[in-house]
Amino acid sequence: MKRRRRGKVKKGTLKQILLITDGCSNKGEDPSMVAALIAQQGIAVNVIGVLEDDQSEQPIGLEEVEEVALAGEGVSQIVYQQALSQTVQTVTKQAMTQTLQGVVNQELKQILGPNQTMESLPPEQRGEVMEVVEDLGETSNVEVLVLVDTSASMQNKLPTVKEALIDLSISMNARIGKNKFAIYTFPGKRKALNKVIDWTNKLDSISSVFPKLTSGGITPTGPALKEAMHQFGKMKLTRSMNRNDESIEEAGF
């Protein structure tokens, strides 16, 4: 049984947007509606809400964190600043597992019928399927676009965010599958996003390029998410153009 499922499930590429913020959006489209649109494109939207280490109560603005992740079929977590690094890694991996479980459930329905899911299997068979999910989590290709809120209230949290993303790169590159990262901040000076690092397989250069200053008080989360979604399409177009260029060179033109 294990071998049959392993042959059936397609690896593909797991695509995620990881939004790191400390407050609610206050400009542009509803971010939950944008997140739902993104999920329809096969991209999970995960959200981490960051609290101050000495903050005793969760601000009202962070209620949006769970709503956006739920609409985006992703994972959400509210975390104190000091625990951010571990949380970024955990949320990223949880989202991968959640996505893969959804894929496997679809495969089970095709193989065993419309009413079959992982949860409905006998314990032994469920364990075998989870082994497949864990294996795919290590071997599937992953694309993560990190979207960081750099509005005024995030200023003192940015050094912690930077360290958390470096740790994420190290942990993800221990996987067998290929990784691609991109980092964008919002709000941008003249547009929704500010590109920090274009698509790369490592975040080694983050220390030198991560923003030291914030952009202001507004938080246009909805427009930023929409523009982040478009970056996946741009990367696919760039890859296609590069392959075409290589084919032309091989043909001797």
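Predicted model: local features only at pLDDT ≥ 70, side-chain atom pairs only at ≥ 80, totals over all residues.
Me: What makes Asp-30 count as partly exposed?

Reply: The relative accessibility of Asp-30 is 38%. Buried means under 20% and exposed means over 50%, with partly exposed in between. The value of 38% lies between these limits, and therefore Asp-30 is called partly exposed.

Me: Where is Asp-30 found?

Reply: Asp-30 lies in the loop that joins strand S1 (13–21) to helix H2 (31–40).

Me: Which residues gather with Asp-30 in a patch of negative charge, and why can Asp-30 belong to a patch?

Reply: Glu-63, Glu-66 and Glu-67 share this surface patch with Asp-30. A patch residue must have over 30% relative accessible area and no salt bridge. Asp and Glu count as negative, so the patch is called one of negative charge.

Me: Why is Asn-201 called partly exposed?

Reply: Asn-201 has a relative accessible area of 43%.

Me: Where is the place of Asn-201, and with which residues is Asn-201 in contact beyond its neighbours within four places in sequence?

Reply: Asn-201 sits in the loop between strand S6 (194–200) and helix H7 (206–209). Its contacts beyond those neighbours are Asn-173, Asn-179 and Phe-181. These are called contacts because heavy atoms lie within 4.5 Å.

Me: How many of the residues in the chain are buried, as a percentage?

Reply: Of the 253 residues, 45% are buried; each of these therefore has under 20% relative accessible area.

Terms used: Residues numbered from 1 in each chain as written. Heavy atoms only, no water. Buried < 20%, exposed > 50% of the residue type's maximum accessible area, 1.4 Å probe, protein only. Patch = residues over 30% accessible without salt bridge, like charges linked within 9 Å, V, L, I, M, F, W, Y side chains within 5 Å. Areas by Shrake-Rupley, 256 points an atom, 1.4 Å probe, with all protein chains shown as cover. Salt bridge = Lys/Arg side-chain N within 4 Å of Asp/Glu carboxyl O. Charge placed at Lys NZ, Arg CZ, Asp CG, Glu CD. Helix = DSSP H or I, 4+ residues; strand = E, 2+ residues; numbered from the N terminus.
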